[in-house]
Amino acid sequence: MRHHHRQSIRIRGWHYASPGWYFLTFGTWGRRRLLAEVRDRRICLTPAGRVVEASWHAIPTHFPGVTLDAFVVMPDHVHGLLHLDNPRPAAGDGERALWSGHGPPPGSVGAIIGSLKSASSREIRRCWPDAPPRIWHRNY
């Protein structure tokens, strides 16, 4: 069996919990058009797309050091701009020292998007029992 290994687009050595602006794109599994339809050259969100939109707007409630900016749901992917306002503790300090090294560091872009994907997947499946087993493509 042949495995395809995607090359990371991450900046080597960059700590993605560092303060700053992040432009994010994350897509649906298999590029399925689950989130919106294009009608008369306009994007019309599906119920799943509305769940994702609500999940995006809830980010600052769950991650207080985050400011949201532009955001758009497309049929098979999402674009968003967010700012991490608060500096995260450095390795060996406070919360970061408690991090087990499994999964993304707390408060990082990976943790934020992972949380959005997890919460939106649960809600989409709750509202739409016939939803596909996988909603999101890995990574962002």
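Predicted model: local features only at pLDDT ≥ 70, side-chain atom pairs only at ≥ 80, totals over all residues.
Residues are numbered from 1 along each chain as its sequence is written, and side-chain values use heavy atoms, with hydrogens and water left out.

His83 belongs to strand 5, which spans residues 77–84. Strands (E, at least two residues) and helices (H or I, at least four) are DSSP runs numbered from the N terminus. With a relative accessible area of 19%, His83 is classed as buried, because buried means under 20%, exposed over 50% and partly exposed in between (1.4 Å probe, protein chains only). Leaving aside residues up to four places away in sequence, His83 touches Gly20, Trp21, Gly65, Val66 and Thr67, where contact means heavy atoms within 4.5 Å.

Strand 5 pairs with strand 4 (residues 66–73) in the antiparallel sense over six bridges; pairing requires that DSSP finds at least two bridges between two strands. Val72 has His79 of strand 5 as its bridge partner. Three residues separate the two strands, and strand 4 and strand 5 form a hairpin.

Most residues other than glycine have a negative phi. Arg31, however, has a positive phi near 55°. Arg31 is found in the loop between strand 1 (20–27) and strand 2 (36–39) and is exposed, at 56% relative accessible area. For Asp40, phi is likewise positive, near 50°. Asp40 occupies the loop between strand 2 and strand 3 (42–45), and its relative accessible area of 76% makes this residue exposed.

Helix 1 (residues 47–57) and helix 4 (residues 109–127) have axes that come within 9 Å and cross at roughly 145°. Axes are lines fitted to C-alpha atoms, for helices over the stretch in contact, and angles run from 0 to 180 degrees between N-to-C directions. Ala48, Val51, Val52, Ser55 and Trp56 of helix 1 meet Leu116, Ser120, Glu123 and Ile124 of helix 4. By class, this contact has six nonpolar, two polar and one charged residues; Ala, Val, Leu, Ile, Met, Phe, Trp, Tyr, Cys and Pro count as nonpolar, Asp, Glu, Lys and Arg as charged, and the others, Gly among them, as polar.
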